[in-house]
Amino acid sequence: LPLWGGEWRGPYFNLDYHADFLNYAIHSKKAIIDHPLNQPFGTGVIQESMRQHNPRRMAAFENVWFRLLGKDLIRFGGAKEKGGESGKWNLGVNATQRLLSRDSNQYGEYRAELYGLYRYRNLVLVNRTATDQGFKRDPAFYGDTSSWIWGRVEDAYARFDFDAFSFFGGRISRNFGLMDEPSLILSDNPHSYDHFGFGVHTTRLDFTFYFGKLNTLRGFDSQQVIPVLVDATRYFSIQRGLLNFGRSVHLGLTQMTLYGGENKQMEFVYLNPMNLFYVGQRNHKIQMNGIWAVELFWNPSDRFSGYVQWLIDDVIVNNVPGQDDRAEHPDRMGITSKLVFTDLIGSGSQCDLTYTRIGNWTYQSYRTWENFTYQGQGMGYPENSVEVFGITYRNFSLPPFLPEISVRWRRHGEQDINAVYGDSRDPFPRGIVENSF
């Protein structure tokens, strides 16, 4: 099997301040990554993509950005040593200070990250712990903020690469879709959570399977005659396959299941990495909430690319003759699309046009513990009953400065992604509509 990035893929690279340029480099074909629809990327994968280009053929500003990126790649993950290495430690600190203004009052917030990394041959051990004053005002943060210092372990994992295979155990945020856009099926919207799995990575095919336990949720089953609140244990499994058709066309297919209940144990039918979850549910009578996604990334030139991801939560089919179920029950779906124009307005420019629409009841279930959330935050797109259109312009020709202009129109219905599934056909968006620009 042809390898993706060689035998060594390295630790995941998630320094956010490089994300914009890396996104520009992928769309402009300055960085050729075989499977760009799975993030975060390994440091070795990014380094391999950079080695395919001659700096003499690049513009001066591109060389500056690549040099800055390359320094942090070495600092964060290094390069694979040749033969018989005895292991290498890498310890570091990242610190930022945010200046904010609210109600005419100016104040500052700090964020500090301590990270440690150990590499031995194809084994990587990583821990990144953050303390952030912003956690105290973050509604998505579920940890303790009562003492003078608070924080959480953002990344903590072990990863082992062998030939075209990788094995993962630990915690990290993932985004299964286009870079710089939240995936509809599994995104980095919630805080990171623990999961385990493996992957097969070749030039043409990338297959990954992960499973894990989510937070226990106090919920109920609305289909019971008398709904009873229970403390439901929750689990998820996800399969994802990516196909690379000559580096210009990328196809993604994903299925994910979320199941649980009071004193629920993991189900092996959903731990089978090659099983079809819906068939398993019907045949084994094991309740779950399943979602599926199909996506296409088309990058025919270094000036233009297009992307679409279609999420299917539920499609109503009229199975009984003379009974119109579609008139009574809603489909639960979502779609996101993006057009990217690179170097069109000038060298170093990038203009994005984005459209997203998520149905009124997408991600929700009759059993509230089956809603696709972690600690109250959507595991895919952050909300449902929403429609968004956005335009973003960035200019990379002035490193290290990055001018950006972003305009977004959004309308959101009166909907809560944590609520029970209402099973009603309503106008879109549902209820009182909030419009923002």
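**Briefing: a predicted chain of helices and strands**

Asp180 sits in the loop between β9 (175–176) and β10 (193–201). The protein chain contains 4 helices and 23 strands. Its radius of gyration is 23 Å, close to the 22 Å that the globule rule gives for 437 residues, so the chain is as compact as a globular protein of that length.

**Overall build**

- Taken along the principal axes, the C-alpha atoms of the protein chain fill a box of roughly 70 × 55 × 50 Å.
- Of the 437 residues in the protein chain, 52% are buried.
- Take the contacts in the protein chain between residues at least 6 apart in sequence: 64% of them join residues at least 24 apart.

**Surface and charge**

- The protein chain exposes about 20,600 Å².
- The protein chain carries 45 positive and 47 negative charges.
- The mean positions of these positive and negative charges lie 6 Å apart.

**Helix α3**

- Helix α3 covers residues 60–76, which is 17 residues.
- From its first C-alpha to its last, α3 reaches 25 Å, close to the 24 Å expected at 1.5 Å a residue.
- An α-helix has 3.6 residues a turn, so residues three or four places apart point the same way.

**Cis peptide bonds**

- Most residues other than glycine have a negative phi, and most peptide bonds are trans.
- The peptide bond from Gln39 to Pro40 is cis, with omega near 5°.
- Pro40 lies in the loop between β2 (38–39) and β3 (41–42).
- Pro399 and Pro400 are also joined by a cis peptide bond, with omega about 5°.
- Pro400 is in the loop between β21 (386–395) and β22 (404–412).

- Asp180 is not a glycine, yet its phi is positive, about 80°.
- Asp180 is partly exposed, at a relative accessible area of 35%.
- Ser385 is not a glycine either, and its phi is positive at about 50°.
- Ser385 is found in the loop between β20 (377–378) and β21.
- Ser385 has 0% relative accessibility, so it counts as buried.

**Arg218**

- Arg218 is placed in strand β12, residues 217–219.
- With a relative accessible area of 53%, Arg218 is exposed.
- Leaving aside residues up to four places away in sequence, Arg218 touches Leu229, Val230 and Asp231.
- Arg218 and Glu414 are 196 residues apart in sequence.
- In space, Arg218 and Glu414 are 23 Å apart, C-alpha to C-alpha.

Note on methods:
Residues numbered from 1 in each chain as written. Predicted model: local features only at pLDDT ≥ 70, side-chain atom pairs only at ≥ 80, totals over all residues. Heavy atoms only, no water. Helix = DSSP H or I, 4+ residues; strand = E, 2+ residues; numbered from the N terminus. Rg over C-alpha atoms; globule rule 2.2 N^0.38 Å. Buried < 20%, exposed > 50% of the residue type's maximum accessible area, 1.4 Å probe, protein only. Contact = heavy atoms within 4.5 Å. Areas by Shrake-Rupley, 256 points an atom, 1.4 Å probe, with all protein chains shown as cover. Lys, Arg positive; Asp, Glu negative; His and termini not counted. Charge placed at Lys NZ, Arg CZ, Asp CG, Glu CD. Expected span 1.5 Å × (residues − 1).
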